[in-house]
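Okay, thanks everyone, let's get going.

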Amino acid sequence: MASKPPHRTTFPSSSSPSNSSPISRLQNIANHMASASITSFPPEVVPQAPEDPLFGLMRAFRADASPDKVDLGIGAYRDDNAKPWVLPVVRKADEILRNDPEANHEYLPIAGLASLTSRASELLLGKSAQAISEKRVASVQTISGTGACHLGALFLARFYKTNGAGRTVYLSNPTWANHRQIFSNVGLPLATYPYFNKETRGLDFDGMKGTLADAPEGSIILLHACAHNPTGVDPTPEQWREIAAIMKAKKHFPFFDTAYQGFASGNLDRDASAIRLFVEEGFELVIAQSFAKNFGLYGQRAGCFHFVASPSSEAADITTRVASQLAILQRSEISNPPIYGARIASIVLNDDALFAEWQENLRTMSGRIIAMRKALRSKLEELGTPGQWNHITDQIGMFSFTGLNETQVLKIRSDAHVYMTKNGRISMAGLNTKNVGYVAKAIDKVVREAQ
């Protein structure tokens, strides 16, 4: 009997239709499934986020090839040559640190460099402050002022309990753009209180008082200690006392953000006066403190967060418990704060001669900015620019609300290559003796064209 030929499995040739083969069909299904599950983060889940407006402005400025361009958006000090300025006292401290044979790169404690945090609290509250001597202050080194705001927001979100809707955080309108993100990211509800009066280009004090008085009892009120960002408008000492009285009556919780102590007026004590008033009034409060501006340590991210307890027999115990929880939160977030900028600031704060030199450096920076305010106002008035320009010198600190609207801001950018934020905020540090006249003429032109 003849044997059968062996069974052979045949496959379609390359010319056969791809859907004629079961294997090909399975491969197509597999490919389709793979493409459908290529990511867990499709656009409808993770949309493209908009570019940060300030960094977008910086990028646009750098890309501008005009030799006449002026950067008035930058939130950092510049000297009269439009260059970053390393404070002379910081150079000296840096030299001391680099030549210190004991210096190393070991971890700091979770709460940070004690020689910095202790002096930082004295800087804000005063060396002889009762709150310090009574051990009512808990201080933690943070990632500059942003990190301090975040740590404070996280602590309040976790532990601040009230009977009603008092957990709402009230921000000034306007405020530093990052405040909104910091507090909303930890789940705290937000509201605003009126702050800037567009007509007077000064403080809307009646609106602010009315909202604070109407806010639910125990609300968290975010206050700029000095040199309000972005308006440059600060309450007077008398107005601060009225604000404190309203907040005490409503049992509101103060959250101070201070990024410009000494940088605003050139006087460290004057720029801390609002905070000291609230502490002397017996408030329980927190403070976010940055050393970016007043030390020029922008990239070193040196700052502190402070909790201050109200005077009571339990104050020391309260402070100890709060400090323990802040350490737990810090540990889970960054573990240990950075060391280099903290050491620079600590060296200056703990040496009498260097501290005095630092104060002189602060007067140099604040004095130049004040001079630029006077120069800009003077040149606008010499040009007869329509409107009142006294707000330029009435405001204080790095920033000023010019009163220009978004249309004018975009036009001055396209026509004169002068860059500022869309709300008309300018950084006075971007002005110098070489460009202030040019900027004044550009402002004068867009103001006249809008009439």
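So, which helix gives the most to the lining of the second largest pocket? Helix 13 does, with four residues. Bear in mind that this is a predicted model.

Besides helix 13, which spans 315-333, helix 6 and strand 8 (253-258) each put two or more residues into the lining. By class we've got ten nonpolar, five polar and six charged residues there.

Now the largest pocket, at about 1400 Å³. Here 49 residues make up the lining, with Asp52, Leu54, Phe55, Trp176 and Arg425 closest to the centre. Helix 2, residues 53-63, has the largest share of the lining, seven residues. At least two residues each come from helices including helix 6 (144-159) and helix 7 (177-185).

On to the packing. The largest nonpolar core has 63 residues, and Phe291, Phe295, Trp358, Leu376, Val418 and Ile443 have the most contacts inside it. Helix 15 (352-383) is one of the elements giving two or more residues to this core, and so are helix 3 (88-98) and helix 18 (436-449). It's helix 15 that has the largest share, ten residues. If you click on Trp358, you'll see that, leaving out residues up to four places away in sequence, it touches Leu87, Val89, Leu123, Leu268, Asn294, Phe295, Val348 and Leu349. There's also a second, separate core of 35 residues, with Tyr193, Val233, Met247 and Leu277 among them.

Most peptide bonds are trans, and most residues other than glycine have a negative phi. Against that, the bond joining Asn173 and Pro174 is cis, with omega about 5°; Pro174 sits in the loop between strand 3 and helix 7. Asn229 to Pro230 is cis as well, with omega near 25°, and Pro230 is in the loop between strand 7 and helix 9.

For phi, Arg201 isn't a glycine, yet its phi is positive, about 60°. You'll find Arg201 in the loop between strand 5 and strand 6. Is Arg201 buried or partly exposed? Partly exposed, because its relative accessibility is 22%, and the cut-off for buried is under 20%. His417 also has a positive phi of about 60°, in the loop between helix 17 and strand 12.

How values were computed: Residues numbered from 1 in each chain as written. Predicted model: local features only at pLDDT ≥ 70, side-chain atom pairs only at ≥ 80, totals over all residues. Heavy atoms only, no water. Core = buried A, V, L, I, M, F, W, Y, C linked by side-chain atoms within 4.5 Å. Buried < 20%, exposed > 50% of the residue type's maximum accessible area, 1.4 Å probe, protein only. Contact = heavy atoms within 4.5 Å. 1 Å grid on protein atoms, 1.4 Å probe; cavity = no way out; pocket = protein on both sides within 12 Å on 5 of 7 lines; lining within 4 Å. Points joined across faces, edges and corners; volume = space filled by probe spheres on them. Nonpolar A, V, L, I, M, F, W, Y, C, P; charged D, E, K, R; others polar.
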